[in-house]
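Please read them with the model open.

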Amino acid sequence: MQPIFDGHNDVLLRLWRNMRNGADTVAEFVKGTQEGHIDGPRARAGGLVGGLCAIYIPSGDLILKEPDASGHYYTPLAAPLERSPSLDIAMEKLALALRLDAAGAWRICRSTDAIREAVAEGEFAAVLHMEGCEAIDPDLSALEVFYAAGLRSLGPVWSRHNIFGHGVPFAYPVSPDTGPGLTDLGFALVKACDQMGIAIDLAHITEKGFWDVAKTSDKPLIASHSNVHALTAVARNLTDRQMDAIRERQGLVGLNYAVTMLRPDARDDAHTGLDLMVKHIDYMVERMGIDCVALGSDFDGATVPQEIADAAGNQKLVAALKNAGYASDDLAKLCRENWLRVLSQCWHEAS
């Protein structure tokens, strides 16, 4: 079994929703459930040893558009969110993450040494990530508090606008160049993250925002859960030019398991073969090199291929990659080592 450290999941979103309905979410994670994609038993069954766990504020007004007769669709961006209720939700999710840590359900990790230690001891290595910074104030005081609590990665925006920048819509076929990039506050946020040791995630930002981060940050460029625009022309996927920049900065792209970002027709159809996952990885490896490609499943946040189904099915992708000719050393890089290298650089552990 090839241990997997995954670049993006929304398990905290699922657990938070269940918590609000009165569920014992610590027990749900520890004992397992049939719901969603990730819990302790399924993670162990599939070799999922840890990953970046998103603190994400849902948009209640977002309704994904159905494809038209030609298969095209364009979902307008969700409305911007107010900070106060966003901060409340972010704090609830942070508290949930801390309760899971205190109960031994997982271990919040603040360094790559801590990740390796948790994995060696059989604990799920959780790295806290913020997907969209609606909970952060203009003065960035809250950023310091979240950092102290364990936050080590963030995406300035989700697929909506906020005070820090602009996100891309869920749309096909559409270029990622859909609007402005970072605001003045966004530039300050990126600089603060570089100084503190917080990784910047470019997964949901516009193409202009991508280049704004590239010229502002001196850290590796990361798209934690994105795929190849040349293969699937959704706004969330990366152009060749963006991948070239990621290669030059020795960053990485985490393969998103979302079928809408894998299929050439971008349909939300779980009947999607693993061959398409391998095809996207092959393209990225050829374009950027084996050191710049990883996994970013989007478990608990998207429809994934039915053959994978959930975290327990991860080794099916590993087997498909092995059958496609990837050697053990390459699989180790794709499954975990590339993430650990890049996080080490962003967290000031390595030059």
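1. A disulfide is counted here as a pair of cysteine sulfur atoms within 2.5 Å. The model is predicted, and a search of the whole structure finds zero disulfides.

2. Cys109 does not qualify because its sulfur lies 9.6 Å from the closest cysteine sulfur, that of Cys53, which is too far for a bond. Cys109 is also buried, at a relative accessible area of 0%.

3. For Cys335, the closest cysteine sulfur belongs to Cys292, 16 Å away, again too far for a bond. Cys335 is buried as well, with 0% relative accessibility.

4. How many residues of strand β5 are buried? Seven of the seven, residues 125–131, so the strand is largely enclosed by the rest of the structure. Both faces are covered: on one side Ala125, Val127, His129 and Glu131 are buried, and on the other Ala126, Leu128 and Met130 are buried.

5. Strand β2 (residues 48–56) runs parallel to β5 and is joined to β5 by seven bridges. Within that pairing, Tyr56 has Glu131 as its bridge partner in β5.

6. Strand β4 (residues 107–108) is also parallel to β5, with two bridges between them. Here Ile108 is partnered by Ala126 of β5.

7. Four bridges link β5 to strand β6 (residues 151–155), again in parallel. His129 has its bridge partner in β6 at Ser153. Between β5 and β6 the chain passes through helix α6 (residues 141–149), and this β-α-β crossover is right-handed.

Note on methods:
Residues numbered from 1 in each chain as written. Predicted model: local features only at pLDDT ≥ 70, side-chain atom pairs only at ≥ 80, totals over all residues. Heavy atoms only, no water. Buried < 20%, exposed > 50% of the residue type's maximum accessible area, 1.4 Å probe, protein only. Pairing = 2+ DSSP bridges. Right-handed = clockwise from strand over helix to strand, strands pointing away.
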